Each structure stands twice: as structure tokens, then as C-alpha cells.
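Trainee: I am new to this structure. Please show me how to read its features, one at a time.

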Amino acid sequence: PILQKGGIKYEIIYSELVTRKGKRFKEDAMGQHYYKSWYLGVTRGRREINLKSALLAIGDFESLTFECGAHKTVSRLKLLVSPSCRPPGGGKDFCFHQMQESNFELIDDHGHLGCGFIHPDYLFELLGKSTPAKRVFAIQVRIIGPSSVGVAKGMIFVKETMPRDKIQIPSSMVKVNKSKTKPLHTYVAINIIQHFPSEAHYIMGKLLNDDLKDPTILMIKNLNPPCKDACRVLCCKGVDQSIIDAYTAHLAANSNSDTGQEQISIDHAKFSIKHANFVGVSDSTGQIPSGYVFLTGMGNRTPSRVFLTRNPCTEGKDGIVVEVAFWQHMPTE
């Protein structure tokens, strides 16, 4: 579709179906859902931009379409319109930076699919050098380098044993190869869309770690239930649907028939909530034994085994039970 507004012509880049949040929206296609679209202004005075040429100047989308199909190209176009997050602690600026090609290093994958690395001091600098920024150890990013990286996405995790002014990107993070035409620019744009631990992670830590102060009732109500895809994967693994239904029923707050308000206690939440939306990153130390994961922030309530899924998870193979590594599992050095 093409739009005309204020004498400028716009062509659509990406569109997606969005579900409205909130009880006031009706459960129908008109009230509950809408399409959110992004457009590019393709006219500048008498000059008109060719949308296909503009995209090919960013990355090699053409070969992606040829090898994987048009649907894959559409999913990669979304990476160009991902919204930036604010710095830790808030502020007016967004976490979007233009950097030199020399600040990035492409590395081979060695068991850290989709996760790159950054020095803690460099991450602290990118996030504004604030006190809240000191607590951040991972970021979710979109990286666009038409002449060097191409278009990349994934997680960036702190690693102390690397150059201070570098960001290492494994090949698995690159989703669109660099441009084969005249690149749009020679710098690399890094768009930080989330930083971790997030506010939800802090709340979950307060709930699960007995050594920390309990969260408020309002904080608990804002926690997300287990995603439907993860529940489907559990069913694929042989978990009876009644068990999943019983768990989700425990999560539902007790309803007061007189006021209609939710009544929930901290003790009830600690008993009922046994899931969390974690963010997975690669082991930057090389110390975690193979076949294990290491969980932070749970104190003495850390389980010995957990069921993990990838995101998104659509098949039974997307979920697995793994052992949890404790300090005694780590090599003595």
C-alpha cells in the first residue's frame, strides 16, 4: 500500500497484527486486534527513492528471498523497525548508537548461538554510565551495518576477558548478509531494545529469593503467566493437560464476589508461581559444565532441574529438562 500525506509519498515496509491489551476491548477482530504498519517516505521534493534499492543498500534481502522464501524476508524486515528502549533508570534519550565498523568483530559459533559479548565497561558506557546501568549484564539488540555486519539480532552478554572497545558477534546472530550494492552508510547502528535484569526479573527475584524483601501485591499482578506455546510444548512432552490446568488455576487470584477485586497474598504467590520468563545467554566464562544451566537470583530456592524452552517454541523439541549447575559443580580454578 502507498500513502500520500503532506505532499510526501510513503510505501509500507512492515505490518503486523497486534492484540489490544485491556479488558475494555471486545473479543472480536474489530475491537481486540488491529494492524500496525511502518512506512518509509520515498519522496524528497522532486526526488523519489526506490524502496527495493533502499533495502538492498542495507542488506542482501534479495538472496534471503531466493533461498528461504518471501516470508523470511518479511520477518527480517521487522528488525528494521524494532523500537529502542530507554536507558536503565529512565531518561529522555533512547539506547540507539552509531558506531565504527572497527568496534565490531565477527566470531565463529562455539555453542553460543544467538549471543555475542561485550566488555562490562563498554556496556556501562553505552547505557549512560548511571547507577542503574551498573546492574545490567545483558542487552537484546538489533544491529545494522550495511557494509560490514549486515542485519543482526540477538543477545549481548558481558565478558571481562575481551577488548574494552569491541562487540563480538557470532555468525548465528547475522540474519541478513551485508549489502552487495552500494551500502547506505559505512557506520554500524546498534539498537538496544531491552536490558537485563528487567523490572520483571527483579520482581521475580524478590518473590523466589527468601533473602530479599518481598515484592508488593501490585508487582506480582504485573507478572506474566506461562506462555501458551510453552504449555503446548509441555503437552507434547507428555504432561497431562489437567496438571497444566491445575497450575494455571492456582495462579488465578481469588475473587471477592462482593467487590470483584482480586485478593492475593504473598504466601499464595510463593506457593503458586513456579515459572519465570528468563533470558538465556551464553556462558562467557567457559566454566559451566556441558548439559547444565546456571540460574541467578533465586537464593536457596534454586531447583536442581528446570524445564526450559526456546522462544518462540512451537514443537516438542523446543523444550528440554536440564540440570542446574551450583557453585560446587564449577571447576576449582
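Mentor: Start with contacts, meaning heavy atoms within 4.5 Å. Of the contacts in the protein with a separation of 6 or more, 66% come from residues 24 or more positions apart.

Trainee: What kind of model is this, and how are residues numbered?

Mentor: This is a predicted model: local features need pLDDT of at least 70, side-chain atom pairs count only at pLDDT 80 or more, and totals for chains, interfaces and linings use all residues. Residues are numbered from 1 along each chain as its sequence is written, and side-chain values use heavy atoms, with hydrogens and water left out.

Trainee: How many helices and strands does the protein have?

Mentor: Helices (H or I, at least four residues) and strands (E, at least two) are DSSP runs, numbered from the N terminus. Here there are ten helices and 18 strands.

Trainee: What share of the residues is buried?

Mentor: Buried means under 20% relative accessible area, exposed over 50%, and partly exposed in between, with a 1.4 Å probe and protein chains only. Of the 333 residues, 37% count as buried.

Trainee: How do I read a sheet?

Mentor: Strands of a sheet pair through backbone hydrogen bonds, either parallel or antiparallel. Two strands pair if DSSP finds at least two bridges between them.

Trainee: Which residue of E3 is the bridge partner of Val18?

Mentor: Tyr34. Strand E2 (residues 8–19) and E3 pair over nine bridges in the antiparallel sense.

Trainee: How do I read the two faces of a strand?

Mentor: In a regular strand the side chains alternate between the two faces of the sheet. Take E8 (residues 115–118): Cys115 and Phe117 point one way, Gly116 and Ile118 the other, and all are buried.

Trainee: Which strands does E8 pair with, and in which sense, parallel or antiparallel?

Mentor: E8 runs parallel to E10 (residues 150–158), joined by four bridges. Phe117 stands opposite Phe157 there. Two bridges join E8 to E11 (residues 167–170), and these run antiparallel. Ile118 faces Ile167 in that pair.

Trainee: What about the faces of E11?

Mentor: Both are covered: Ile167 and Ile169 on one side, Gln168 and Pro170 on the other, are all buried. E11 also runs parallel to E7 (residues 104–107), joined by four bridges.

Trainee: Let us zoom in on Gly116. What does it touch?

Mentor: Leave aside neighbours within four places in sequence. Gly116 is then in contact with Met155, Ile156, Phe157, Gln168, Pro170 and Met173. Its relative accessible area is 0%, so Gly116 is buried.

Trainee: And how do I read two helices that meet?

Mentor: Angles under 35 degrees count as roughly parallel, over 145 as roughly antiparallel, 65 to 115 as roughly perpendicular and the rest as oblique. The axes of H3 (residues 61–68) and H4 (residues 70–77) come within 7 Å and cross at roughly 140 degrees. H3 and H4 are therefore oblique to each other. Phe61, Leu64, Thr65 and Cys68 of H3 meet Ala70, His71, Lys72, Thr73, Arg76 and Leu77 of H4.

Trainee: Where is the cis peptide bond?

Mentor: It joins Phe196 and Pro197, with omega about 5 degrees. Pro197 sits in the loop between E13 (188–196) and H6 (199–208).

Trainee: Is Lys129 buried or exposed?

Mentor: Exposed, at 55% relative accessibility. Lys129 lies in the loop between H5 (120–126) and E9 (138–145). Its phi is positive, about 60 degrees, although Lys129 is not a glycine.

Key:
Axes are lines fitted to C-alpha atoms, for helices over the stretch in contact, and angles run from 0 to 180 degrees between N-to-C directions.
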